[in-house]
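Here is a short tour for a reader new to this structure. Keep the model in view while reading.

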Amino acid sequence: MTADRLTVAWLALVIALASAPPPFAAAQAVPAPKRRAPSVPVVRLTWPPPPATARIRFVRSLDPAVARRRPSWISRVWKTLVGAGDEPRMVQPYGIAVGPDGRIYVADTYGSAVHVFDPANSGYSAINVEGESLIGVGVARGRLFVTDSTTGRLLCLDEKGRAVWTLGRREGFVRPTGLVTAADRMYVVDTAAHRVVVVSYGGTILGSFGSRGGGPGQFNFPTNIARGADGRLYVTDTMNFRVEVFDPDGRYLRAFGQLGDGSGDFDKPKGIAIDSDGHIYVVEGFNDVVQIFDAEGRLLLVVGGSGSGDGQFWLPSGIAIANDVVYVADSANRRVSMFEYLKDGQ
């Protein structure tokens with residue numbers, strides 16, 4: 001082979017090697033098949049636990065910082081530049097009410113606000129309220145009703161938090177706390193006066209029932225009140241360690257409960273609510289549970305326990321039920337825990 005032919009062959013080999021793919025290039029170009037993560041069944045927190053038929057199921061927790069929509073990019077930049085605005089939070093949630101539109105109203109005892117959650121639209125807002133100790137909250141006829149126990153006031157506010165009318169010490173209130181709305185009136189617990197006051201939506205006191213004592217129809221520092229579908233009223237008679245039941249006119253019907261630390265006993269009963277089957281839910285503040293009773297006061301189930309995990313409580317207080325969704329003010333955990341009553345044991 002001549003020198004010219006050897007040169008041409010050498011150049012051809014160099015070009016072929018330069019243009020050829022590197023070793024294993026084809027294998028590298030084909031992505032390896034993705035491995036699927038093993039399927040993990042979703043474990044739902046229920047009471048009673050499996051294998052028993054579930055009656056209560058944990059849904060989720062409500063917290064202003066989580067519920068509030070993510071701010072726009074411009075808003076985040078502005079906040080970074082000027083340092084304005086803090087993340088919203090609940091200081092000590094207590095009373096809870098659910099409006100006809102499904103919005104959830106939470107009275108913040110020391111936060112001087114009513115927090116408003118709108119689950120249907122993933123929304124959150126807060127209504128500032130001038131008060132020192134907000135406890136009870138109710139919604140009716142386009143108005144918001146809030147009790148300020150320290151100053152002895154019942155406030156009627158519009159949707160923006162502006163005062164419409166106020167009842168206070170001059171009208172006989174001493175320390176109003178829990179409240180519940182009805183068709184044409186509301187019932188307000190006056191803890192230090194040991195009675196329940198009936199008030200019209202126009203701000204007129206229609207009457208009251210109860211007095212201090214331990215007998216039928218009497219109270220010893222009552223705190224909260226609920227209303228059943230039949231109009232019956234359920235009052236947590238806190239320092240008598242019982243629940244008393246009245247008809248819509250305040251006539252005594254019956255009572256159940258006693259002081260103790262066993263299941264079905266009361267140590268610090270607080271919030272109270274009724275589900276669609278007439279079961280009575282009572283928040284036991286010191287024991288961090290919600291006890292559920294039948295209409296006759298027999299214990300059916302205990303929900304919760306001490307802690308900060310899902311379905312646990314730390315000094316719970318208020319409670320509300322709407323469409324068999326149970327809302328519990330988990331005060332020291334600064335949140336509202338949502339549960340569902342499984343009517344048919346789903």
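The protein has four helices and 25 strands. The model is a predicted one. Its mean pLDDT is 88, and 81% of the residues reach 70 or more. Residues 5–30 have a pLDDT below 50. Beyond near neighbours in sequence, that stretch makes one contact in the model.

Of the 346 residues in the protein, 47% are buried. Among contacts with a separation of 6 or more, 42% join residues 24 or more positions apart.

## Pockets and the cavity

Rolling a probe the size of a water molecule over the atoms shows where empty space is left. How many cavities of 30 Å³ or more does a search of the whole structure find? The search finds one.

| Space | Volume | Lining by class |
|---|---|---|
| Largest pocket | about 960 Å³ | 22 nonpolar, 13 polar, six charged |
| Second largest pocket | about 380 Å³ | seven nonpolar, 11 polar, three charged |
| Largest cavity | about 50 Å³ | nine nonpolar, no polar, no charged |

Now the cavity. Its lining consists of Ile 56, Tyr 281, Val 290, Ile 292, Val 303, Phe 313, Val 326, Val 328 and Phe 339. No polar or charged residue is part of the lining.

## Aromatic pairs

The structure holds 12 aromatic pairs. A pair of aromatic rings is described by the distance of the centres and the angle of the planes.

Take Phe 145 and Trp 165. Their ring centres are 6.1 Å apart and their planes meet at 45°, so the pair is tilted. Phe 145 sits in strand β8 (residues 143–148) and Trp 165 in strand β10 (residues 163–167). The pair links distant parts of the chain, 20 residues apart.

Phe 256 and Phe 266 form another tilted pair. Here the distance is 6.5 Å centre to centre, with 45° between the planes. Phe 256 lies in strand β18 (residues 252–256), and Phe 266 lies in the loop between β18 and β19 (269–274), so the pair ties together parts that are 10 residues apart in sequence. Both Phe 256 and Phe 266 are buried.

Ring pairs also build a cluster from Trp 47, Phe 58, Phe 313 and Phe 339. Phe 313 and Phe 339 are also among the residues that line the largest cavity.

## Loops and backbone

Most residues other than glycine have a negative phi, and most peptide bonds are trans. Some places in this model depart from that pattern.

Trp 47 and Pro 48 are joined by a cis peptide bond, with omega about -10°. Pro 48 is placed in the loop between β1 (46–47) and β2 (56–62). A cis peptide bond also joins Pro 50 and Pro 51, where omega is about 5°. Pro 51 belongs to the loop between β1 and β2 as well.

Ser 122 is not a glycine, yet its phi is positive, about 50°. This serine, Ser 122, is in the loop between β5 (113–118) and β6. Asp 288 also has a positive phi, near 60°. Asp 288 is located in the loop between β20 (280–284) and β21. Its relative accessibility is 7%, so Asp 288 counts as buried.

One more loop residue deserves a look. Ser 133 is in the loop between β6 (123–128) and β7 (134–140). Is Ser 133 buried or exposed? Its relative accessible area is 4%, so Ser 133 is buried. Leaving aside residues up to four places away in sequence, Ser 133 touches Thr 109, Tyr 110, Thr 147, Asp 148, Ser 149 and Thr 150.

Key. Residues are numbered from 1 along each chain as its sequence is written. This is a predicted model: local features need pLDDT of at least 70, side-chain atom pairs count only at pLDDT 80 or more; totals for chains, interfaces and linings use all residues. Side-chain values use heavy atoms; hydrogens and water are left out. On a 1 Å grid over the protein atoms alone, a cavity is a set of points where a 1.4 Å probe fits but cannot get out, and a pocket is an open set with protein on both sides within 12 Å along at least five of seven lines; lining residues have an atom within 4 Å of a point. Grid points are joined across faces, edges and corners, and a volume is the space filled by probe spheres set on the points. Ala, Val, Leu, Ile, Met, Phe, Trp, Tyr, Cys and Pro count as nonpolar, Asp, Glu, Lys and Arg as charged, and the others, Gly among them, as polar. Helices (H or I, at least four residues) and strands (E, at least two) are DSSP runs, numbered from the N terminus. Buried means under 20% relative accessible area, exposed over 50%, partly exposed in between (1.4 Å probe, protein chains only). Contact means heavy atoms within 4.5 Å. pLDDT is the predictor's confidence in each residue, from 0 to 100. Rings of Phe, Tyr and Trp (its six-membered ring) pair if their centres lie within 6.5 Å; planes under 30 degrees apart count as stacked, over 60 as edge-to-face and the rest as tilted.
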